[in-house]
Amino acid sequence: MRWTVRFALPALLLAITLFVILYIKFAQIWDQYSAPSYAWASLQNTFRGSKLDNPPAVVGKVDDKVVIMAKVESENTDWVAANLPDWQHAIYTVNPSASTPNTTLTTPQNKGHESMAYLTYIIDHYTSLPSILAFIHPHRRGFRDAWHTDTPLHDNVDALRTLRLAYVQQNGYVNLRCNWNPGCLKAHRKNKHITAEVWHELFKGASKASFSQPGYVPGEVGAACCAQFAVSRERVLERPLSDYEGFRQWVVDTQMSDARSGRVLEFLWHVIFGMDAVYCPDERSCYCNVYGRC
């Protein structure tokens, strides 16, 4: 009996420890991917048909809002024109080949992930911007590719159809993800990618003087991931064209890889567009303000 107790207690403690570790890990994943709402919406969609097949009435003029994205040549983005006919679209192929049509939008270099396309659009259209600019990824929906798209079915079409354009105009910048995980949790705000050196290199010569002071870097940098957001024309124009040209040149010149340079910009779009270094609106208020899900 004593031998049984001797082995049982350590086994029980080990089991409890493993359970706690797994619980913490899966609780984070459960929240990060909005698993409950995804599962419920998928079930509804299976048995009742998708509400996404019945778009709401067009709001705003066709020429007054634009979707901007980067894609590799193999990605199919026909879903944009088919499902968002009331939006202009500027879709940049970052790796054009010899067979790429001359009418295809391309970027100066395939570097910085989506940032090269985002900045190229602003630079090329700075004097003729529409009222609303939405910067999104080329995958439409689904847990595997679009887990970070913050709608019940992770669907960018649904996100843009329900986006409250008046709130974008009012706020100037909105992150299309409201879920704080990842990016806004306290543990995520000490950002190893945004060092004083990186901050100074990127904002050197930028229009906001405090940003370019040697050695300056915010103590914390935080925003919900993952480089999908909307801005108003007025907010873009608060910076001179030279700022955006400088940001793009930094991407070209930096010794960082495609992925790392893109990651730096991903963590700083909200700062570039005038928000505090930590921009983490209350989740419930964000869903209500951005999508009308109150």
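**Loops, sheet and helix packing**

Tutor: Pro182 lies in the loop between E5 and H8; helices (H or I, at least four residues) and strands (E, at least two) are DSSP runs, numbered from the N terminus. This is a predicted model, in which local features need pLDDT of at least 70 and side-chain atom pairs count only at pLDDT 80 or more, while totals for chains, interfaces and linings use all residues. Residues are numbered from 1 along each chain as its sequence is written, and side-chain values use heavy atoms, with hydrogens and water left out.

Most residues other than glycine have a negative phi, and most peptide bonds are trans. Against that background, the bond from Asn181 to Pro182 is cis, with omega near 0°. The bond from Cys225 to Cys226 is also cis, with omega near 20°. Cys226 is placed in the loop between strand E6 (222-223) and E7, and Ala227 belongs to the loop between E6 and E7 as well. Ala227 has a positive phi, near 65°, although it is not glycine.

Cys226 counts as buried because its relative accessibility is 11%, where buried means under 20% relative accessible area, exposed over 50%, and partly exposed in between (1.4 Å probe, protein chains only). Ala227, at 6% relative accessibility, is therefore buried too. Apart from neighbours within four places in sequence, Cys226 is in contact with His137, Trp147, His148 and Glu266, contact meaning heavy atoms within 4.5 Å. Arg177 is 49 residues from Cys226 in sequence, yet their C-alpha atoms are 7.7 Å apart.

Six strands form an open sheet of mixed pairing, in the order E3-E2-E1-E4-E7-E5; two strands pair if DSSP finds at least two bridges between them. Strand E3 (105-106) and strand E5 (173-175) are the edge strands with a single partner each, so one side of each has no neighbour in the sheet.

H4 lies across strand E1 (65-71), strand E2 (88-93), E4 and E7, at about 140° to E1. In the loop between E3 and H4 sits His113, whose phi is positive, near 50°, in a residue other than glycine. With a relative accessible area of 41%, His113 is partly exposed.

Helix H4 (residues 115-124) packs with helix H10 (residues 241-253) at an angle of about 150°, their axes being 9 Å apart. Axes are lines fitted to C-alpha atoms, for helices over the stretch in contact, and angles run from 0 to 180 degrees between N-to-C directions. H4 and H10 are therefore roughly antiparallel; angles under 35 degrees count as roughly parallel, over 145 as roughly antiparallel, 65 to 115 as roughly perpendicular and the rest as oblique. The residues in contact are Ser115, Met116, Leu119, Thr120, Ile122 and Ile123 of H4 with Leu241, Tyr244, Glu245, Phe247, Arg248, Val251 and Val252 of H10.
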